[in-house]
Every structure is written in structure tokens, then in C-alpha cells.
Amino acid sequence: MALDTSPSPSSLSSAPAPGTAAEARMSARAKLILLVLCAAQFIVALDFSILNVALPVLGDDLGMGQADLQWAVTAFALPSGGFLLFFGRIADLYGRRRLFLTGLALFAVASVLATLAWNPAAFLAGRALQGLGAAVIVPTGMSLLTTTFTEGPQRERALGISATLLSLGFTIGMVLGGVMTDTLGWRSTMGLLAVAGVAVLAVAPGLLTESRRADRPRLDAPGAATVTGGLLALIYALSTAAQRGFGGADVFGTLIAGIVLLVAFVLIESRAAEPLVSLPMLRRRSVAWGNLAGLVTFSMMTTVVFLLTLYLQEVLDLSAFSTGLIFGVQGVFAAVAGITAPKVIARFGARDTLVAGLLLQAVTTAALLGLGLGSAGAWLALAAASLACVGHLWAIVAYGVTATSGLPDGEQGLATGLVTSSQQLGITIGIPLLSALSSAHIASLRDGGTGFAEATLGGIRLGLGVDAAVVAAVAVLVAVGLGRARAARAA
């Protein structure tokens, strides 16, 4: 069936979107609402990275073996990615504000449990509940944002600020995690999340107003079960494969189960009277190509960060603190890119900004192929990764605008659920896939007699090369896919 080529909003065209500075100006109350929504997203992003450098210390304290430490990450990733679409739809039907506040409360309580954890089971339970809270906060917060701020300059500005804080949260988490673990212990990282969650929860009820669909269609239970099960299985398989490879029976079995469930989900949705996901929505070029771009920009940029961390610490033997400073500079560039993204979109349109962002991310990632064994590699990593982050942030804001524009408020929760699912799935799948490829190449080089540093560098270069190629290819596909829609409208 052909993709929908009906007219899309002006913000998707290559021409500048209409709008003035006055239209982008927000009232004091609107700024406070945006602050609350972005703060919640920032806390979730912080949770993704703040624990990473604390894992060895945490493992020693709680008696978790090296092989079990991956569950500190996986226990969060499973529910946070698996339940996004489900809660995005629930929010549309039963109230976004109500569910958003519930998610914040759950996240705060879960953070307290993780802080006070007395054994591995209690800690992993806290992490899983944090992930479930995040699965509620992310789509409901994003749908509250897109329904609060009208399509056009205001929404583009709001999405730019949100994307900036999302990226900053991930980067700041890496720096804070090391500093707090060294000075206050690993429990302080979880305690910080609890305090931040309570602070946002105290302010949010007085600012947010309820919004939901006027009608109350039945929840598509079979669709919800298959998509949630499919995403859970897929995320588990990919997360576990990052540690143990794809050869394990449990990894391969859950990967196949995830694919089968997602295929079943598509079949169920094509026949459901009131589907969880509107397939006609997915046939819209803006939704389909926008979410593909989001999936790729997130998966490939997180992989760049992972591979550069390996390069800086394993090849150049830099300390965790020095590595954190390099990524801190990247965070500054992310902030600048987030501020400029709405202006770039207003000048050139979301489509061209999206393609340009992807191409900049691809070119600067390819520049990292010049990394070597000398100290000059640190400067190249700093410069290229910072510029890649600019392209990444432009792509994030532009794909959010692209994939949520031209849709009624009643479908915003679903649309933003798709956007955030692309984001979460991207964060989850990129590192396992390319790190497995890099690790296999490193092992092959080592078997051939290559030294440790040289072999590690070879594996990192292979991963970065594939990363750059994937982003460049998707940039071309997105340009062609959205360009055909524009040509069809002009005909």
C-alpha cells in the first residue's frame, strides 16, 4: 500500500516556515510548564548514564558479580523501552496529566528503593520500577509538550529546548556519576534522582492541566500485549547480546520471539476496529521517515560515545575524569545546537534541517577514522565528536517536529509514543550491534598477533566506519522519501 502523500505542514518543506519572533514568544506560565516537562525528561536522561561509571563500585558493595552488572542497565532498559507505546496510548485515553504525575511518583519511589537497596534483588527491583516510571514520563511529558505548544515556532522552540536538555542529561550524567561515586558513594547517584523527582512532582500539579481524547475508545488489548511483549523481547536480546554475543540460546530465542510478536502486532492492528497504532499514521511519510531518522541518529550517536570512551580509556589510557571532561565539551556543543535548531528549522524547514543534521553527524563520525595511537587522537575525538553532536541535536529536534506535525491532539500521545520509542530503541540497539562487530574484529586482530592497542583501535575504526555509513545512507533515504512527498503535492 502506498504511503500517504497528502499535504503536510509547512514546517516540513524546504522553504522557511512562516512565523515571527512574536509567535515563538512564550508567556511566563508557558515557560514554567516547559521547565517542568523538560526537567522530567532531563531526570530520565540523567538516569540512563549516571550509574555507568559506578557499576564496579556498586557490584562490590552489593555482591554482584561482573556478569550480573549488565542487569543494572537492562533492568531499566526493558520496561522503559517496552511500555512506551502502551503508556502513550493510555495517556491519550485516560489523561496525560494524571499519568505523568503517576509516573513521576513511581520514579521517585523507585529511586528511593534503589538508593536504600540492601541486596541485588532490591536494587534491580528499584531499577525496573524506575524504568517503568520512565516509560510513563517520557511519552506523556512529550505529548503534554506538543499539545501545550502550538504547531510552528513555539513547538519548534520547545522541542529544541527539550532535546538540548535530553542530550545534556545524558552527558552530565556521565560526569556526575564519576564525581559523586568518588566523593559520596554510588548510592548518592540514585538519591539525586529521588530528590529531583520529588522536586518536579511538587511543582507540576499546579501548572499542568488535564488533556485527553474526547471520546473513549476501547483499549486494543491484543495489540498492547503483542507490541509490549515484542519490544521487551527485542530489547532483552539486544542488551544481553552486548555482553555475551548472539550465540546464546536465550538471546537468539528472545530475538526471534520479539520479531514474531511485532509481526503479529502489525497483523492485529491491520484488522482491529480501534487499533493501538493507526497504520494509516505510519503510512504518512512524515511519521515513517521521521521516526526512521530518529532511530538511526540516536542509535549511531550513542555508539560513537561508547566507542570513543573505549578509545580514550583503553587506547590512550586517559582517566575517567579526563574522558568526562571531553564529553563535557560535547555537552556544551549540544546546548548550542539545541538553541540554534529551531532557528535553523524556521529558516530552512524541518526536512532540510533533518537531512543536514544527519549528514553532519555522518561526515564528522567518518572523520574519527583518523584516530591513532598518539595523543593527537584526543583532540580529534574532542573536535569531531562535538561537531557530530551538533548534527545529532539538529536531527533530534527536526525529527521530533517532522514526526508530530499535522496530527490532531487526539493522536499526539500515540505520535510522541512512536517518537520516544524510536529514541529508546535507538539508544538500546546501537551499542550492542556495533560493539559486537567491533569486538569480533578486535578478537580477530588479536588472534593474528596484533598488539592490544592496535587491535582495539582497529575494532573501533570498523565500528565508526559502519556507523558513519549507516547515518549517511539514512540521510539520503530520508531526503528522497520526504522529497517525493513534496513532489507529489506540487504535481
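Guide: Gladly! A crossing is left-handed if the near helix is turned anticlockwise from the far one by less than a right angle, and right-handed if clockwise. Helices (H or I, at least four residues) and strands (E, at least two) are DSSP runs, numbered from the N terminus. This is a predicted model, where local features need pLDDT of at least 70, side-chain atom pairs count only at pLDDT 80 or more, and totals for chains, interfaces and linings use all residues. Residues are numbered from 1 along each chain as its sequence is written, and side-chain values use heavy atoms, leaving out hydrogens and water.

Visitor: Which handedness does the crossing of helix 6 and helix 9 have?
Guide: Axes are lines fitted to C-alpha atoms, for helices over the stretch in contact, and angles run from 0 to 180 degrees between N-to-C directions. Those of helix 6 (residues 96-116) and helix 9 (residues 187-203) come within 8 Å and cross at roughly 155 degrees. The handedness of this crossing is left-handed.

Visitor: How are helix 6 and helix 9 oriented to each other?
Guide: Angles under 35 degrees count as roughly parallel, over 145 as roughly antiparallel, 65 to 115 as roughly perpendicular and the rest as oblique. Their axes cross at roughly 155 degrees. Helix 6 and helix 9 are therefore roughly antiparallel.

Visitor: Is helix 13 roughly parallel or antiparallel to helix 15?
Guide: Helix 13 and helix 15 (residues 350-367) have axes 11 Å apart, at an angle of about 25 degrees. That makes the pair roughly parallel.

Visitor: What span does helix 7 reach from its first C-alpha to its last?
Guide: The expected span is 1.5 Å times one less than the number of residues. Helix 7 (residues 120-148) has 29 residues, with 42 Å expected, and reaches a span close to that: 41 Å.
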